[in-house]
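Subject: Structure handover

Hello,

Here is the structure you will be working with. My notes on it follow below.

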Amino acid sequence: MIAKTPSAQLYVIFVVLLSSVPLRRAESAQTQISSNANTEGEEWSLDLKKFTAHSSGDVEPPYKLTQQQMEDFEAIMSAGEDMPSSGISYANRSHDAMADEEDVYVAEDTRSFLCLPIMRIFNVEVRRLLVEGELVAVVGDHERLGGWQVERAVVMTSSRWSVQNNVQSWSAKVAICASARLHYRYFIFSVDKSGRRRVHEWEGVPYGRVLEKYQMYRPPGKDVFGLLSHMTVGDVEHEKGWLRNEYAIEFKFIWLQHMKFYRYLNLNRATKYLLKMSVSQNGFELVSGAWRDTELEVTRYAYNRSQFQQQPRRGVPYTAGDIVIFRFTVAVNTRNSYQLSIYTIDGSRVGEVLILAIDLRGTEGVLRLPIQSTVNGYQVGLLTLPYLIIRPLAGAEEYNLRGSFQRYWPMNWPSMDVGRRGAGASFNADAPLVENTIASYLYAHKYKADMVELDVQLTRDFVPVVWHDFGFKTAPRNRYVEGEDDLEYVLIKDLTYQQLKERRVFAIEDDEIYEYTSFNVHNTTADERIFPTLRQVFESLPNTLGLDIEIKWPQQLMSGALESAQTLSKNRFVDIILKITVRHGCGRPLFFSSFDADICTVLRLKQNVFPVTFVTIGSTRLWEPYKDLRTQTYLDAVNFAQSANLLGTVAHAEDFLRNDALLDLGLDLGQATFVWGDDLQDAQTVVQFKRWHVSGVIYDRIDLFGPKRKRESFFNAPELMDIFTRQCIVVGHSNCTSEFALPDGFDLHGKPVSRLGCEVIVQPLA
């Protein structure tokens, strides 16, 4: 309809003129900036065109940027970072085709998009007191957030500090295109004198934080370090870092008696002491500020207060029978001497012990050193102190912060059915198949086992094999065996893998001697052979069958005797098993376990992916107790799991059948609690433990005592399996084939939505 009245015509002309003004300005202006530039409290954006000084005369941009931030912005706007429009498919399109988008079809993965630069603002509160030298960083799946790499993460700036609440605010501003979702997380670190970053704590959960595209203009909220609302065990969403370019030394008060003093001092087992450790130089104690690339933490076991923390100024209270562990973390190129100072509880100095660097040899040992008076230097007593040295795993410095499963065991998961040695122990009990064989594991899986438990140790040529005992009974090939006297006992560690496969194997059950050589040499399928390697287990079992990999290591008994001999280094022992697991076992539900507390510590500190549990016999009359106090009661096992940042414990069922309230010690701390033992020999007892909400029950003969109405094992769910493939991404072994577990920045078809490729995310960025 055409306006006929003069007033209507004037109104139409006015509207047309008004609407043409911004269009003419857009055509003539060389640059346009749209921003309120409140960088203190809000995100800000820049328009699509690049700002140049000569284009606007004396006009200055309404924002304040540092030189580095301006360089980041310039880099985004130049060369098409995050902008596929600079690609060949975009360049080949004619001007006419670009002007008429409706007439030209462009494939979805080649369509161009323009970069809208956003100054992303990250704010986080750290609700603990940071020590001198600790910093906070943000890392994520974008190149400008470091691509999950520790060394490339963005260091944040401390902005506000509340002394009363020990709360410190940190922030960072990063120029990033607003065209894609961001995933990120925070971590606390320090820098050694070589410029390498040491991760102290990080938000170690499978999934990080998310910043969606639609949040580009939303004022940034304030994150709280370690609070991500994920379903981790005990709602713990931050954890200790792993060893990258440093090693750890632990000095352990874990026996009933460590110090003996001359009688004239009137000190006895009931005396209360204060223990304080420091770095020593030339026999003199150094103040902590003078330590070279060395940090000290200490734990004194007490229920729900066993975490490692900074050493108190006066020292740590200690009475004979307490468990106290000092842990020094030291740069790999640094060697220290140490000093232990001993005081009475009223502060009187009893003496000191000097530990020289030359005294610390190998992976572990027991120091026997004089306690010397600080007055005249005379010896006043003797200290017996075990120590442990944990060295970094080769390649662990390249592990990224994409995710962690160290404490991933959601509390709403059901109690797992775990097949002990597969279908059950066979050499001293009745089982349908030989224990610890692939056939036995598959049999348990057939009867709906969620997981299987297996035992791993190393041969003389460092091949991880599956076998329960530290050795076995054997005889020469041509010897006729009439009785037990015709057999000899050999250790796995003393045989190469080839020799192991060639040996005759005997077992004694009910005074009868049975030979299992045929299962090792001939007349059997590959799945039925004994001594399978750990790699064969990974390659033969479906990923839907979870694994409890128990690392075998002989323990010292209360009498002082050893369960068995072992001459290998714990560092090398664990390194080999971890490397096989990283290469062939990632991407499936599994956790490590061990009766040896130090093995658990080594496993935990060497990597940032796989969870670790502590196996304990607790209070029992079935076996002689171990000398290590951490193994003797379920309470101390729970305390150890908390101090070592473990997933939880694998406890002996006998304790709980006498007093089921003990279970609450672990469950109330949110620890995963598995149970094992010969008491689990009937379906009723298995069901009873499930009613007590344990994380899993490890028992024999799942075909007899397992659930009858169970449809399938828990990990058969494809979504769960896809979650676990993130393990491979963290350690750098992933082909990104799982659609649910693709690195952030990819769509479900594997097409990158940013410039980051899969290889870039799982490997160091160039």
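Where is Thr 334 found? Thr 334 sits in the loop between strand S18 (324-331) and strand S19 (337-344). Please keep in mind that this is a predicted model. With a relative accessibility of 2%, Thr 334 counts as buried. Setting aside neighbours within four places in sequence, Thr 334 is in contact with Tyr 247, Arg 292, Asp 293 and Thr 294.

Confidence comes next. The mean pLDDT of the protein is 81, and 77% of its residues reach 70 or more. Over residues 14-63 the pLDDT is below 50, although this stretch has 71 contacts in the model beyond near neighbours in sequence. Residues 735-766 also have a pLDDT below 50, with 69 contacts counted in that way. Where pLDDT is low, the predicted coordinates should not be read in detail.

Then the nonpolar cores. The largest has 88 residues, and those with the most contacts inside it are Phe 187, Leu 454, Leu 547, Ile 549 and Phe 592. Apart from it lies another core of 35 residues, including Tyr 273, Val 279, Val 380 and Leu 385. Not counting residues up to four places away in sequence, Ile 549 touches Leu 454, Val 456, Leu 534, Phe 538, Leu 590, Phe 591, Phe 592 and Ser 593. In soluble globular proteins, nonpolar side chains tend to be buried together.

On the pocket side, the second largest pocket has a volume of about 1,200 Å³. It is lined by 46 residues, of which Arg 420, Arg 421, Asn 428, His 468 and Asp 469 are the closest to its centre. The lining divides into 22 nonpolar, seven polar and 17 charged residues. At least two lining residues come from each of strand S24 (451-458), strand S26 (471-474), strand S28 (506-509), strand S30 (546-551) and strand S31 (590-594).

S24 also takes part in the packing of helix H5 (residues 438-446). H5 is mostly covered, with seven of its nine residues buried. These are Ile 438, Ala 439, Ser 440, Tyr 441, Tyr 443, Ala 444 and His 445. They pack against S24, strand S25 (464-466), helix H7 (534-540) and helix H14 (702-705). After H5 comes Lys 448, with a positive phi near 70°.

Helix H10 (residues 634-643) is largely enclosed by the rest of the structure, because nine of its ten residues are buried. The buried ones are Tyr 634, Asp 636, Ala 637, Val 638, Asn 639, Phe 640, Ala 641, Gln 642 and Ser 643. Just after H10, Asn 645 takes a positive phi of about 60°.

Thr 601, in helix H9 (residues 597-605), is buried at 2% relative accessibility. Beyond residues up to four places away in sequence, Thr 601 touches Glu 250, Arg 327, Ile 390, Phe 640 and Ala 644. One of these, Phe 640, is among the buried residues of H10. Thr 601 and Ala 644 are 43 residues apart in sequence, yet their C-alpha atoms are 6.2 Å apart in space.

Regards

Note on methods: Residues numbered from 1 in each chain as written. Predicted model: local features only at pLDDT ≥ 70, side-chain atom pairs only at ≥ 80, totals over all residues. Heavy atoms only, no water. 1 Å grid on protein atoms, 1.4 Å probe; cavity = no way out; pocket = protein on both sides within 12 Å on 5 of 7 lines; lining within 4 Å. Points joined across faces, edges and corners; volume = space filled by probe spheres on them. Helix = DSSP H or I, 4+ residues; strand = E, 2+ residues; numbered from the N terminus. Nonpolar A, V, L, I, M, F, W, Y, C, P; charged D, E, K, R; others polar. Buried < 20%, exposed > 50% of the residue type's maximum accessible area, 1.4 Å probe, protein only. Contact = heavy atoms within 4.5 Å. pLDDT = per-residue confidence, 0-100. Core = buried A, V, L, I, M, F, W, Y, C linked by side-chain atoms within 4.5 Å.
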